[in-house]
Amino acid sequence: QVQLVEPGGGLVQAGGSLRLSCLTSGSISNVNYMEWYRQAPGKQRELVASITDSGSTNYVDSVKGRFTISRDTAKNTFDLQMNSLKPEDTAVYYCSIKLYEVVWMQYWGQGAQVTVSS
């Protein structure tokens, strides 16, 4: 059973920066997708950023140019660097991994609250 832990989150003013980290209990070298989702109050959870095992990245349009996803396979972690934060970025952020083990498996972190004040 893979466990994901997200220390971090917090309160930041608009225009500020915050970095989220996702710590995994095992190796991420065989993980196919590392992802960050977010869920704002009253809204559906949305995929914000992803990085594949080959290093390809993808972002939702609303964060392109402001957020950067990265991974460190030596430390078994992946991060989300968030710059130029806006109040509409306020949400609970969840890290997730997907890997194929006979079937596709997806694991989730516990979530980290990010609040951006105007």
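Q: Are aspartate 89 and arginine 66 buried or exposed?
A: This is a predicted model, in which local features need pLDDT of at least 70 and side-chain atom pairs count only at pLDDT 80 or more, while totals for chains, interfaces and linings use all residues. Residues are numbered from 1 along each chain as its sequence is written, and side-chain values use heavy atoms, with hydrogens and water left out. Buried means under 20% relative accessible area, exposed over 50%, and partly exposed in between (1.4 Å probe, protein chains only). By that criterion aspartate 89 and arginine 66 are both buried.

Q: How far apart in sequence are the parts that aspartate 89 and arginine 66 tie together?
A: Aspartate 89 forms a salt bridge (a side-chain nitrogen of Lys or Arg within 4 Å of a carboxyl oxygen of Asp or Glu) with arginine 66, the closest N and O atoms being 2.8 Å apart. Strands are DSSP runs of E of at least two residues, and helices are runs of H or I of at least four, both numbered from the N terminus. Because aspartate 89 lies in the loop between β8 and β9, and arginine 66 in the loop between β6 (57–59) and β7 (67–72), the pair ties together parts whose separation in sequence is 23 residues.

Q: Which residues are linked in a network of salt bridges?
A: Arginine 38, buried with a relative accessible area of 6%, meets aspartate 89 in a salt bridge at 3.0 Å, N to O. Arginine 38 also forms a salt bridge with glutamate 46, whose closest approach, N to O, is 2.7 Å; glutamate 46 is partly exposed at 29% relative accessibility. The residues linked in the network are Arg38, Glu46, Arg66 and Asp89.

Q: What is the angle between the planes of tryptophan 36 and phenylalanine 78?
A: Rings of Phe, Tyr and Trp (its six-membered ring) pair if their centres lie within 6.5 Å, and planes under 30 degrees apart count as stacked, over 60 as edge-to-face and the rest as tilted. The structure holds five aromatic pairs. One of them is edge-to-face and joins tryptophan 36 to phenylalanine 78, with 5.8 Å from centre to centre and an angle between the planes of 65 degrees.
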